[in-house]
Amino acid sequence: MRKRILLVGILIAMAFSVIGCGEEEDAVEIFKVEGPQEQEKEDVDTSDTEDDGDPETENEKEEEEIVQKPEEEEKQEETKKEPKKGPEKKQINYERYSYALETVRMREHPTTEAEILAIVPRGGQFRVADIEDGWSHVCLEDGQEGYISAEYIKEPMSEKEWKEWQEQAAGKLIVIDAGHQAKGNSEKEPIGPGASEKKAKVSGGTRGNTSGLNEYELTLMVSLKLQAELESRGYEVIMVRTSNDVNISNSERAQVANNANADAFIRIHANGSENTSANGAMTICQTANNPYNAALYQQSKALSTCVLDSLVASTGCNKERVWETDTMSGINWCTVPVTIVEMGYMTNPTEDAKMATDDYQYKIVEGIANGLEQYFKN
């Protein structure tokens with residue numbers, strides 16, 4: 001029995017031994033199958049390593065990159081420095097010339113909604129390219145460009161006309177007398193050199209019932225505006241008075257113009273009448289037979305005519321006449337061309353109210369200045 005049991009044990013042991021050898025062979029076969037897969041993995045890694053190249057070749061590439069990099073950066077920096085070119089600006093030809101008739105705004109575009117680029121003073125000069133839809137495309141003396149309402153500029157002139165216009169004013173001296181004064185002087189003086197007839201040295205003038213202005217106040221307002229206008233056009237100007245509190249007789253006023261050897265003597269006055277419907281402007285000069293300065297008649301008459309015509313054109317007022325008379329001591333004492341400008345009637349309610357406004361005063365001033373231009377041109 002024991003022998004049988006021992007034999008069975010031996011047989012069982014042998015069986016287990018066979019089974020173990022089979023598993024080992026299987027394990028070898030498995031290793032052999034898995035071997036190529038591992039090799040493939042090694043090939044992938046090897047190919048990556050081979051792509052890195054030879055160390056010397058790699059160093060050469062790095063040196064090339066180091067050399068090329070500054071050049072590329074330099075080009076990039078130059079590109080950054082170069083300003084971006086926008087669309088080419090349209091060439092504008094400013095072929096005509098003009099100036100502002102009063103202080104105006106120059107805008108970026110031809111509309112009152114556009115940005116204000118500059119304030120152009122009355123008399124400010126500039127070149128003009130064109131006028132469209134009521135706006136003038138202008139270039140100021142400092143090169144700044146923009147738009148000004150054509151309503152507020154002098155009719156543009158060609159270069160030739162502009163030069164002629166400047167030459168007319170160049171070297172010309174105008175004396176302006178704002179008529180009357182705050183307090184009249186009833187003392188008498190001869191109406192002309194060597195005359196036996198005498199008149200009051202100076203009166204206070206008339207008064208506006210509607211405006212409440214005295215003539216001496218109105219005449220100074222207009223005279224100061226005329227001074228600015230003429231100076232802006234290139235004239236030299238001397239004022240007989242710049243305040244109301246003075247005491248200057250009519251002969252003394254004429255003497256200011258005589259001493260300066262004025263090219264023209266402009267005396268600013270306003271009219272008055274018992275007839276309140278009387279209206280309009282007139283100018284006054286001596287007659288051709290004036291006993292004191294008849295030699296000046298032609299010049300004074302021409303000056304008076306030019307000023308009256310231009311004043312009427314500028315203001316649209318009624319034109320009366322050029323009154324020739326030898327009764328004005330302020331004319332008789334003159335040795336230079338002279339005119340008295342009666343701007344309008346302060347006794348006429350409508351005209352009085354107009355003359356009290358800056359707008360109408362500037363129109364009067366423009367008319368007188370234009371008349372002077374015409375006079376010197378002729």
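Reply: What follows is a set of questions about labels, each answered from a value and a definition. The model is a predicted one, in which local features need pLDDT of at least 70 and side-chain atom pairs count only at pLDDT 80 or more, while totals for chains, interfaces and linings use all residues. Residues are numbered from 1 along each chain as its sequence is written, and side-chain values use heavy atoms, with hydrogens and water left out.

Me: What makes up the secondary structure of the chain?

Reply: The chain comes to 9 helices and 14 strands, where helices (H or I, at least four residues) and strands (E, at least two) are DSSP runs numbered from the N terminus.

Me: Why is C285 called buried?

Reply: Buried means under 20% relative accessible area, exposed means over 50%, and partly exposed is in between (1.4 Å probe, protein chains only). C285 has 0% relative accessibility and so counts as buried, and C334 is buried too because its value is 2%. Of the 378 residues of the chain, 40% count as buried. Helix α4 is mostly covered, with 13 of its 18 residues buried, and α9 is mostly covered as well, with 14 of its 20 residues buried.

Me: How many disulfides does a search of the whole structure find?

Reply: The search finds 0 disulfides, a disulfide being a pair of cysteine sulfur atoms within 2.5 Å.

Me: What makes D177 and R267 a salt bridge?

Reply: A salt bridge is a side-chain nitrogen of Lys or Arg within 4 Å of a carboxyl oxygen of Asp or Glu. The closest N and O atoms of D177 and R267 are 3.1 Å apart, and the pair forms a salt bridge. This pair links distant parts of the chain, with D177 in strand β7 (residues 173–178) and R267 in strand β11, 90 residues apart. Both D177 and R267 are buried, and together with R253 they are linked in a network of salt bridges. Across the whole structure, the search finds 10 salt bridges.

Me: Where in the chain do the partners K225 and D358 lie?

Reply: The side chains of K225 and D358 meet in a salt bridge at 3.1 Å, N to O. The pair links distant parts of the chain, as K225 is in helix α4 and D358 is in helix α9, 133 residues apart. K225 is buried because its relative accessible area is 14%, whereas D358, at 46%, is partly exposed.

Me: Why are K363 and D359 said to be separated by about one helical turn?

Reply: K363 and D359 are 4 residues apart in helix α9, which means a separation of about one helical turn. They form a salt bridge, with the closest N and O atoms 3.7 Å apart. K363 counts as partly exposed because its relative accessibility is 32%, and D359 does so because its value is 48%.

Me: What is the nearest side chain of opposite charge to E215?

Reply: It is R241, 8.4 Å away, and E215, although buried, has no salt bridge; for charge, Lys and Arg count as positive and Asp and Glu as negative, while His and the chain ends are not counted. E215 is found in helix α4, and a polar atom of its side chain lies 2.8 Å from the backbone nitrogen of T206.

Me: Why is D133 called exposed?

Reply: D133 has 73% relative accessibility and so counts as exposed. D133 sits in the loop between β4 (125–132) and β5 (135–140), and has a positive phi of about 55° although it is not a glycine. N261 also is exposed, because its relative accessible area is 58%, and its phi is near 55°, a positive value in a residue other than glycine. The loop that holds N261 runs between α5 (250–260) and β11 (264–271).

Terms used:
A polar contact is a pair of N or O atoms within 3.5 Å; within protein, one must be able to donate a hydrogen and the other to accept it, and residues adjacent in sequence count only if both atoms are side-chain atoms.
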